[in-house]
Amino acid sequence: MSGPDVKDAKARYRRVAYYPGCALEGTGHAYNRSTKAVGKALGLALDEVPNWNCCGAMEVKNIDPKVQTYLSSRVLSIAANEMHASVVMAPCNGCYHNLKKAEYDLAKDESSREVVGRISEKAGHATYQAGQVETIHALDWIKHGIGEGALRQRVSNSLKGLKVANYYGCMYTRPRHIFPEKDQGPGTESTSQPHFMDDLLEAAGATNVDFPLKTACCGGAHTLSDSDTSTKLVLNILRAAEAAGADVIATECPTCHSGLEMHQVRAEKVLGEKTSVKMLYFTQLLGIALGLSPRNVGVQENVSDGLEALKEKGLV
Amino acid sequence: MPIHEKSLIRPENIRTHDKLVLDGVDVSGHWSTFIETRVVSDYNERLQEEIAALPGGEYIHRCWQCGSCTNSCTVNAVNPDFNPRYWIYLIRVGMESELLRDKDIIWQCVSCNKCTYACPRDVFPEGVMKATAHWLELKGHTPKSRSTMFDEEFSEQVIATGKIEEGRIIRGFFARSAQPLRQDWLIEMGKRLARKLPFKMGMLLGIAALIRPRTRGWGRSRDAIASYVGEQEQRQRKALSLPEPGAK
């Protein structure tokens with residue numbers, strides 16, 4: 001399986017099933033709001049998966065990986081069998097990762113198929129069959145559904161002068177085997193040097209700094225259970241972004257984003273290590289470039305004061 | 001070539017002599033260091049099998065000790081004692097007592113999957129770390145780690161209602177792990193957010209905290225998952241030769 005053909009993605013991604021997930025209804029609300037606002041501004045339609053459930057995140061996987069596979073498969077099953085959608089878009093790295101992992105396990109592993117089939121039957125809904133829908137990230141959605149060329153033409157408030165460190169985290173690229181469409185040559189995403197967010201923000205006028213920790217870990221899995229480790233990991237990321245000259249860190253995952261925000265504050269309060277780089281979701285930055293107001297893309301809902309960075313550059 | 005048995009060169013197993021003459025040659029001091037003779041007889045021959053019976057540990061037998069996992073490890077960079085390659089070695093040869101020296105840090109794996117990405121043998125070291133942490137708790141070598149408490153709080157909410165609400169998770173986790181919720185940095189975060197948060201958004205978060213979000217018609221999924229989880233718990237305890245829960 002070499003992954004879906006991106007050539008007709010423009011048509012396929014015009015209207016997709018939307019799986020926000022739990023975090024986007026809580027701490028990641030700004031990501032939810034800005035994703036919807038950017039979709040609207042770009043003419044990309046989102047139909048929310050009705051009556052969705054949690055994908056299982058990392059926590060359920062630690063209790064039992066097949067329960068996580070079932071939880072994700074239920075979301076895919078609703079999209080495929082009730083919505084008759086061909087594409088599901090998940091902006092959260094955790095959700096995106098889990099749906100991809102469920103897809104992989106159901107295609108490759110007989111015992112996962114057996115367990116998911118058994119639970120789905122008892123639960124009284126259609127069992128999801130691998131290959132019924134294509135799972136994409138919000139980055140794929142805009143990169144392939146719109147593209148840099150068309151995006152550039154729609155930019156009314158160029159991010160010119162804004163220096164951005166693009167932070168992708170762990171779950172968007174690792175482990176490689178669950179992302180068969182990545183690493184397929186020109187135009188596809190790279191798992192070692194991801195660049196879709198860089199590409200989009202560059203088209204929006206931003207300057208991407210050379211950031212070595214694009215796929216470093218923020219310790220999100222243990223953000224509360226092993227806070228000292230998470231604070232150290234986050235501090236590395238913040239310091240590296242500042243050293244690279246970034247004004248803001250662009251994020252594409254609610255867990256990474258709130259992890260960076262939380263541990264920036266924690267590093268300051270607990271270790272006395274102050275950093276000033278600001279965090280904004282890439283959809284918030286795209287929204288600003290498309291002429292949307294900060295309120296419209298939820299900048300006030302972030303803990304990190306992104307508004308200050310945007311004001312400094314005369315963007316709002 | 002990695003040092004397979006670090007235990008051999010641990011300070012207590014190293015011997016130097018202040019005054020030692022062998023065959024008329026003075027070999028006193030550090031330049032002539034001896035490794036203490038040792039005999040290992042307490043191998044746990046079933047250790048690898050037991051880890052492989054827990055979710056994530058299935059492919060431990062594939063490891064050929066290249067060290068890519070430790071080399072790429074996020075936690076190793078913060079704490080050099082965190083050494084997946086070494087633990088996989090110990091499990092494979094059955095050196096349980098040596099493994100137990102590190103029992104209190106194995107749970108700290110952050111699941112970044114750099115090891116799984118780097119592993120040339122598809123061992124899935126991240127899974128092995130989870131299986132090992134799980135094994136330590138099931139066998140009673142360690143109490144439940146904070147990470148396990150968090151996973152349980154989270155999973156119980158998902159299984160009960162189909163969804164989670166973050167505020168409830170945080171409160172539940174801090175209560176389970178007997179930590180005060182009033183942490184300086186959490187309060188500071190709340191303050192910074194409250195300064196700017198639009199009133200309407202604050203209302204929405206408040207409502208979510210009061211009225212638990214749930215997936216409609218979740219009852220049958222909940223029961224099917226709970227019965228599967230129960231089955232798996234029994235299977236795992238059997239594989240580890242542990243008594244049934246509740247049995248004396």
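Colleague: Hello! Which helix of chain B does Thr132(B) lie in?

Modeller: Thr132(B) lies in helix H7 of chain B, where helices (H or I, at least four residues) and strands (E, at least two) are DSSP runs numbered from the N terminus. Please keep in mind that this is a predicted model: local features need pLDDT of at least 70, side-chain atom pairs count only at pLDDT 80 or more, and totals for chains, interfaces and linings use all residues. Residues are numbered from 1 along each chain as its sequence is written, while chains are lettered from A and ligands numbered from 1 in the order in which they are written.

Colleague: Why does Thr132(B) count as buried?

Modeller: A residue is buried if 20 or more other C-beta atoms, placed from the backbone, lie within 10 Å of its own, exposed if 12 or fewer, and partly exposed in between. Thr132(B) has 29 such neighbours, so it counts as buried.

Colleague: And what does Thr132(B) touch, not counting residues up to four places away in sequence?

Modeller: Thr132(B) is in contact with Ile51(B), Trp87(B), Ile91(B) and Ile106(B); a contact requires the two C-beta atoms, placed from the backbone, to lie within 7 Å. Trp107(B) is 25 residues away from Thr132(B) along the chain, and their C-alpha atoms are separated by 8.1 Å.

Colleague: What makes helix H4 of chain B largely enclosed by the rest of the structure?

Modeller: The count of buried residues does: eight of the ten residues in 84–93 are buried, so H4(B) is largely enclosed. They are Pro84(B), Arg85(B), Tyr86(B), Trp87(B), Ile88(B), Tyr89(B), Leu90(B) and Ile91(B). The cover over them includes helices H1 (47–52), H2 (68–72), H5 (96–100), H6 (114–118) and H7 (125–138) of chain B. After H4(B) comes Gly94(B), with a positive phi near 85°.

Colleague: How do H4(B) and H7(B) pack?

Modeller: Their axes are 11 Å apart and meet at an angle of about 60°; axes are lines fitted to C-alpha atoms, for helices over the stretch in contact, and angles run from 0 to 180 degrees between N-to-C directions. The crossing is left-handed, the term for a near helix turned anticlockwise from the far one by less than a right angle, with right-handed for clockwise. Pro84(B), Trp87(B), Ile88(B) and Ile91(B) of H4(B) meet Pro125(B), Val128(B), Met129(B) and Thr132(B) of H7(B).

Colleague: How do the residues of that contact of H4(B) with H7(B) divide?

Modeller: Into seven nonpolar, one polar and no charged. Here Ala, Val, Leu, Ile, Met, Phe, Trp, Tyr, Cys and Pro count as nonpolar, Asp, Glu, Lys and Arg as charged, and the others, Gly among them, as polar.

Colleague: Now for the two chains together. How many residues does each chain give to the contact?

Modeller: Chain A gives 49 residues and chain B gives 49. Elements with two or more residues on the side of chain B include H3 (74–78), H8 (146–161) and H12 (219–239). That side divides into 25 nonpolar, eleven polar and 13 charged residues.

Colleague: What is the angle between H4(A) and H12(B), and why is the pair given its label?

Modeller: H4(A), residues 65–82, packs against H12(B) at about 160°, with the axes 11 Å apart. Angles under 35 degrees count as roughly parallel, over 145 as roughly antiparallel, 65 to 115 as roughly perpendicular and the rest as oblique. The pair is therefore roughly antiparallel. Val67(A), Tyr70(A) and Arg74(A) meet Ser221(B), Ile225(B), Tyr228(B) and Val229(B) in this contact, and the crossing is right-handed.

Colleague: How do you know whether the radius of gyration of chain A agrees with a compact globule?

Modeller: The radius is taken over C-alpha atoms, and the globule rule is 2.2 Å times the number of residues to the power 0.38. For 316 residues the rule gives near 20 Å, and chain A has 19 Å, so the two agree. Chain B has 24 Å, but a compact globule of 248 residues would be near 18 Å. The C-alpha trace of chain B spans about 90 × 45 × 40 Å along its principal axes, and that of chain A about 55 × 45 × 35 Å. In chain A, 61% of residues count as buried; in chain B, 30% do.
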